[in-house]
Amino acid sequence: MRILETNQDMARACRECPRPLGLVPTMGALHEGHGMLVRRARKENKTVAVSIFVNPAQFGPQEDLHKYPRDLEGDLRLLRREEADLVFVPTVAEMYPPGFDTWVDAGALAGLLEGAIRPGHFRGVATVVTKLLNLTRPDQAYFGQKDGQQVTLVSHLARDLYLGTDIIVVPTVREPDGLAISSRNVFLNSAQRRAAPVVYRALNRAQGLWQKGERDAELLRREVRAVLECEPLIDSIDYVSVAAAESLEELKTVKGRVLVSVAVRLGATRLIDNIILE
């Protein structure tokens, strides 16, 4: 496994490696969800590259950039175990050198849901993903469905800008009690951790009603919110969405492929999760 720190070295390594090349972009603090992405990439490619970069451009001024968990030594152990070939660990100065002032506008999708709560977040995501894909030129790039809006946006980005990479979406990896695995889960105290699976139970409430034939999107939103509101440790609900999976347009009637997504706060920790109805 080669560890590379500069754009020049990473680009050269990716040009010279056996193809196909699969890229797994991450912000580190790797867990089993990332492990699943790397294993999928390993299965489908001759070379697997992983980037580890906590992207400051996608954090707002009041967000947890400096508190975001970092464990490079543990990350590298996991990646050796999963047989990654190339690991890119650039500094902020390497990715955003002095004078950098070119940004990717991610369009209307970037202003919805997470984008409405976190203005500028998806400009940062779209910019860093474009830079990584241009730098490494992978045949496939792997993202987790847990970040449902992000994978939709990145898929549109790769398509609209002809980036030449297939975006592969891997199902959400969950704890036995249903909580979506996330690097931020480490911030939950014991009581919050016991409460957190209510997020998945709320999503399952919508899925259960849909499976029984319910197609009123507003009713599904109300039912999801009702489950969440029964948990006293949830401090706030940022949104409950039942939207078309491709456009993220809120629906009146459930039809086609639908993303049901939520964002809640337990103390200082913000949890997001989603399911697909199709």
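Phenylalanine 59 and tyrosine 68 are both buried, where buried stands for under 20% relative accessible area, exposed for over 50% and partly exposed for what lies in between, with a 1.4 Å probe and protein chains only. The model is predicted, so local features need pLDDT of at least 70 and side-chain atom pairs count only at pLDDT 80 or more, while totals for chains, interfaces and linings use all residues. Residues are numbered from 1 along each chain as its sequence is written, and side-chain values use heavy atoms, with hydrogens and water left out.

**Aromatic pairs**

- Phenylalanine 59 and tyrosine 68 form an edge-to-face aromatic pair, at 6.0 Å centre to centre and with 80° between the planes; rings of Phe, Tyr and Trp (its six-membered ring) pair if their centres lie within 6.5 Å, and planes under 30 degrees apart count as stacked, over 60 as edge-to-face and the rest as tilted.
- The rings of tyrosine 96 and phenylalanine 100 have planes at 80° and centres 5.1 Å apart, so this pair is edge-to-face.
- Tyrosine 96 is buried, with a relative accessible area of 13%, whereas phenylalanine 100 is partly exposed, with a value of 24%.
- A search of the whole structure finds 5 aromatic pairs, and ring pairs link Phe53, Tyr96, Phe100 and Trp103 into a cluster.

**Charges over rings**

- The charged end of arginine 123 sits over the ring of tryptophan 103, 4.2 Å from its centre, where the criterion is that NZ of Lys or CZ of Arg is within 6 Å of the ring centre and within 35 degrees of the ring normal.
- Lysine 131 lies over the face of tyrosine 96, at 5.6 Å from the ring centre.

**The sheet**

- An open sheet of 6 strands, with parallel pairing, has the order E1-E4-E3-E2-E5-E6; strands (E, at least two residues) and helices (H or I, at least four) are DSSP runs numbered from the N terminus, and two strands pair if DSSP finds at least two bridges between them.
- Strand E1 (2–4) and strand E6 (166–170) stand at the edges with a single partner strand each, so one side of each is left without a neighbour in the sheet.
- Strand E2 (residues 21–26) and strand E5 (residues 140–144) run parallel and are joined by 2 bridges, and leucine 23 stands opposite alanine 141 in E5.
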